[in-house]
Amino acid sequence: MSMPEYAPRSKEDLKEVFAQVAEYAATYISEHYKDDTKVVQFVPPQQLRQLIDLSLPEEGVRLTADLSSVKGVIEQVLKYSIRTGSPRYFNQLWSGTDLAVVIAEMISAFTNSSTYTYEVAPVYSLMEIELLDALARKIGYTEFDGILTPGGAIANLQGMLCARHHAVPDARLNGYGGRKLVCFTSRHSHYTIKRGANIMGLGMNAARYIAVDAQGKMKPLALEAAIVAAKEAGEQPFFVNATCGTTVLGMCEDLNAIADVCQKHGVWLHVDAAWGGSALFSSKHRHYCSGIERADSVAWALSKMLGMSQQCAAFFSKWPLILKQTNASNADYLFHDDDTKPFDLGDKTLNCGRRQDSFKAWLSWRVHGEKGFEERIDRNFENAARFAQEARARSASFEVLFQPECPQVCFFCIPPSMHGMEKSEHRDLLLGEVVRIVRRRIQLDGLMLVNYNPLHASPPDFPFIPNHFRIVFANPEQGEKEILFVLDHIESLMADISLEEVEAELAKVQAKENK
């Protein structure tokens with residue numbers, strides 16, 4: 001009994017199917033650049049559930065060449081998805097539409113391979129090896145081990161696992177044997193370090209926060225004191241995470257000073273360069289990564305500043321054999337002992353099935369070249385500096401909180417009702433509520449999207465900072481027009497916010513916190 005066809009299979013029908021898909025893609029992407037196109041069509045979750053039929057039927061609707069059975073849902077997905085490719089999308093540490101990447105993703109989807117073995121992914125495996133080699137040279141490694149990962153979080157976890165193997169080689173087979181392993185990361189680092197400690201069975205409290213200075217960067221002297229204290233308490237420090245491009249402020253920590261501490265105490269140094277690592281392509285800005293070549297391992301998310309689509313990241317270590325030593329399970333049903341085995345990448349990884357992320361990164365590099373990547377990075381940095389300059393010029397309405405290092409700017413917006421109010425802890429709490437009010441108006445208006453966040457205190461040098469906007473420039477198609485639009489639009493949206501309204505919102509928040 002043969003399976004009934006659920007979709008067209010002839011070349012002519014398939015051409016019609018993909019012509020429909022191409023029309024959707026061309027329309028959707030070209031509309032990013034129209035001034036009246038909304039970045040967000042915000043609908044609350046319960047209402048969206050009612051608008052879109054999300055039920056899964058017993059009998060399938062099948063596909064026809066004209067896609068008539070699924071057109072409705074395709075159009076709803078496009079309508080209500082956030083336009084992350086729009087030049088007015090500033091919400092995360094990634095944005096934009098690289099057509100080379102889109103093309104590679106489409107081809108990857110219909111070739112549908114898995115880069116765990118050369119035999120099922122010969123081209124993609126060689127592309128990954130070539131890509132990793134080129135990126136490792138940017139870091140400054142002459143010898144290395146590396147692998148592409150689904151994202152920066154997995155790359156950071158991989159660094160922790162390699163550090164554990166380096167410190168306690170028998171842990172992968174026999175566990176910790178009563179050892180109390182601890183690791184260290186700055187107060188403003190990414191949450192994945194704490195989560196990694198949890199995944200590894202150490203407990204989240206085994207990941208110790210190190211105080212930051214007034215600029216939000218880890219204090220090397222505080223790190224050394226914490227390592228010494230841990231050793232005196234009978235604990236075993238095994239891993240330090242330094243950050244090149246912190247998530248909120250975009251600060252790049254003093255990697256050389258931190259490396260000195262790690263080298264002195266024999267502790268593995270990992271650099272989370274998921275965001276800032278792409279500065280290595282820029283002769284103007286690579287100094288922010290100074291000392292990265294001294295790290296034992298590095299995480300680098302190509303899906304952020306370099307513009308690859310989600311997800312695409314890489315992990316590197318200066319120890320050439322560390323990944324298989326840490327991860328290999330030697331599954332002989334998958335990894336065969338033949339002449340292609342040296343090109344099998346799967347035994348280095350935490351997962352089994354692997355997407356062909358190498359293709360989109362490789363094709364983007366082939367299309368743009370190193371020069372194109374450098375121009376992209378420089379443009380993003382220039383946009384952030386220009387935004388900070390323009391915001392400072394409107395000092396009655398905006399307060400830039402830090403001089404940016406990576407391409408993001410943290411700032412308060414100040415409504416006319418609060419112009420002239422002296423800076424104080426209470427004023428900043430009020431401005432935190434202004435940010436929340438304006439952000440919801442931005443969502444409902446839909447013409448752009450900018451994120452916001454608070455920053456935790458890190459005594460004695462870094463105070464708590466209430467909610468503030470963080471605008472990110474990760475799309476080289478952004479420029480002066482978009483910078484001025486954001487500032488003008490926020491001024492417009494906050495023009496009618498009264499001090500009484502803000503005081504009332506703050507009172508609600510404080511009452512909730514005191515319950």
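Modeller: Contact means heavy atoms within 4.5 Å. This is a predicted model, where local features need pLDDT of at least 70, side-chain atom pairs count only at pLDDT 80 or more, and totals for chains, interfaces and linings use all residues. Residues are numbered from 1 along each chain as its sequence is written, and side-chain values use heavy atoms, with hydrogens and water left out.

Biologist: Leaving aside neighbours within four places in sequence, what is Leu 269 in contact with?

Modeller: Its partners include Val 240, Leu 255, Ile 258 and Cys 262.

Biologist: What makes a set of residues a nonpolar core?

Modeller: The members are buried Ala, Val, Leu, Ile, Met, Phe, Trp, Tyr and Cys residues, joined through side-chain atoms within 4.5 Å. The largest such core has 54 residues, and Leu 269 and Leu 223 are among those with the most contacts inside it. Apart from it lies another core, of 50 residues, including Met 448 and Phe 485.

Biologist: Which residues of α9 are buried?

Modeller: Leu 223, Glu 224, Ile 227 and Ala 230. Buried means under 20% relative accessible area, exposed over 50%, partly exposed in between (1.4 Å probe, protein chains only). On the other side of α9, Leu 221 and Glu 232 are exposed.

Biologist: How do you know that the buried residues of α9 line one face?

Modeller: Seen down the helix axis, they fall within an arc of 125°, so they line one face. The arc is that of the directions from the axis to the C-beta atoms.

Biologist: What covers the buried residues of α9?

Modeller: The cover includes β2 (181-186), β3 (207-210), β4 (236-243) and α10 (255-265). Helices (H or I, at least four residues) and strands (E, at least two) are DSSP runs, numbered from the N terminus.
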